[in-house]
Amino acid sequence: MATILITGCSSGIGKHCALRLREEGWNVVATARKPADIEMLNDAGLTGVYLDYTESSSLAAAVEVALEAGDGRIDALFNNGAYGQAGAVEDVSTDVLRRQFEANFFGWHELTNLVVPHMRKAGAGRIVHCSSILGIVPYRWRGAYNASKFALEGLASTMRLELRGSGIHVSLIEPGPIVSKFTTNGLQHFVDNIDVDNSVHHKVYRKQLERLQSEGGVNRFRLPPEAVYVKLRHALTSHRPRAHYHVTVPTKFMGVAKRLLPQPLIDRLLLKSG
Ligand SMILES: NC(=O)c1ccc[n+]([C@@H]2O[C@H](COP(=O)([O-])OP(=O)(O)OC[C@H]3O[C@@H](n4cnc5c(N)ncnc54)[C@H](OP(=O)(O)O)[C@@H]3O)[C@@H](O)[C@H]2O)c1
């Protein structure tokens, strides 16, 4: 039975993918931060373990648990746990930006580097990162999150080239809007870290705050987490895993537009959509 370590499994994409992989016979080591979530994962037949990307010691401990569960092997890693810090770039303090990178970028790098030596020893492995449409194009009021996903795209793509021939494959999944707790979870970071009343953007923020109060349901543009799972399964099991997996219509559209359209036109599209 192949063993996978998946982060951010308390809700949304991580939880769904962890449960689906278990159904399909994987040995799933699924991470969360709250004790009740870890218990929920254990009750579902997974190996639930604590991991917070901002705590180095928890990364090493989770890898140890995964190695034990996998009899010394970790066949796959799905870096998934993250949050979105909203707010215009000029309103985000460097410290808040640093925290966004600790969770969404440095922690992912550290965990990946802990796993790679074991995959090298085995001569095989799959590393999949959950990026975003915002790792492809910028979006107003999302600069901190945008930057973390752009950085991830660069680091993971470089690693993909460096690992060529090792038997270890690196893939990036770029979802657009997916039904999860992402918006609700991001709201708290926005409220805690952005001085709405004293910002030149306060009118936009007020509107955004209304919008952020509720997660949208499934529609033509916003898909359920299963849409990400289908790509993850391909990245984990295909003989030829892809470097990039675009999920949802907005991501597919922007992926093509970015390659074909001149920048001023893309900017107009981006300003219209956000
Ligand atoms: N939903 C979307 O529209 C969308 C679109 C594009 C990309 N994505 C990406 O999809 C991935 C999963 O997000 P989601 O949509 O499933 O959102 P979600 O429901 O909010 O789940 C996010 C998960 O990440 C965990 N997490 C947050 N900060 C963490 C940290 N410092 N260390 C470890 N885990 C942490 C959360 O744990 P707690 O419950 O403990 O906070 C939760 O389990 C993220 O990488 C996100 O960037 C989402």
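Predicted model: local features only at pLDDT ≥ 70, side-chain atom pairs only at ≥ 80, totals over all residues.

Reply: Start with the names of the elements: helices, of at least four residues, and strands, of at least two, are DSSP runs, numbered from the N terminus.

Me: How many helices and strands does the protein chain have?

Reply: The protein chain has 10 helices and seven strands. Its radius of gyration is 18 Å, close to the 19 Å that the globule rule gives for 274 residues, so the chain is as compact as a globular protein of that length. The C-alpha trace spans about 55 × 45 × 35 Å along its principal axes. Buried residues make up 43% of the 274 residues. Of the contacts with a separation of 6 or more, 71% are between residues 24 or more positions apart.

Me: In what order do the strands of the sheet lie?

Reply: The seven strands form an open sheet in the order β3-β2-β1-β4-β5-β6-β7, with parallel pairing. The edge strands are β3 (47-50) and β7 (244-247), each of which pairs on one side only. From one strand to the next, the twist averages 20°.

Me: How many bridges join β2 to β3?

Reply: Four bridges join β2 (residues 27-32) to β3, and the two strands run parallel.

Me: Which way do the side chains of a strand point?

Reply: In a regular strand they alternate between the two faces of the sheet. In β2, Asn-27, Val-29 and Thr-31 point one way and Val-28, Ala-30 and Ala-32 the other way. Six of the six residues of β2 are buried, so this strand is largely enclosed by the rest of the structure.

Me: Which residues of β5 are on one side, and which on the other?

Reply: Gly-125, Ile-127 and His-129 are on one side, with Arg-126, Val-128 and Cys-130 on the other, and both faces are covered. Six of the six residues of β5 are buried, so β5 too is largely enclosed by the rest of the structure.

Me: Which strands does helix α4 lie across?

Reply: Helix α4 (residues 94-122) lies across β1 (3-6), β4 (76-79), β5 (125-130) and β6 (168-175), and runs at about 170° to β4. Helix α2 (residues 35-43) lies across β2 and β3, at about 165° to β3.

Me: Is Trp-141 buried or exposed?

Reply: The cut-off is a count: a residue is buried if 20 or more other C-beta atoms lie within 10 Å of its own, and exposed if 12 or fewer do. Trp-141 has 20 such atoms, so it is buried. Asp-71 has 9 other C-beta atoms within 10 Å, so it is exposed. Glu-210 also has a count of 9 and is therefore exposed; its place is in helix α7 (residues 202-212).

Me: How far apart in space are Glu-210 and Lys-258?

Reply: They are 30 Å apart, C-alpha to C-alpha, and 48 residues apart in sequence.

Me: Which residues around the ligand come nearest?

Reply: Of the 29 residues around the ligand, Gly-8, Gly-12, Gly-81, Ala-82 and Ser-180 come nearest. The elements that give two or more residues to this shell are α1 (12-23) and α6 (182-193). α1 gives the most, with three residues. By class, the shell has 13 nonpolar, 12 polar and four charged residues.

Notes:
Residues numbered from 1 in each chain as written. Near = placed C-beta within 6 Å. Nonpolar A, V, L, I, M, F, W, Y, C, P; charged D, E, K, R; others polar. Rg over C-alpha atoms; globule rule 2.2 N^0.38 Å. Contact = placed C-beta atoms within 7 Å. Pairing = 2+ DSSP bridges. Axes fitted to C-alpha atoms, helices over the stretch in contact; angles between N-to-C directions.
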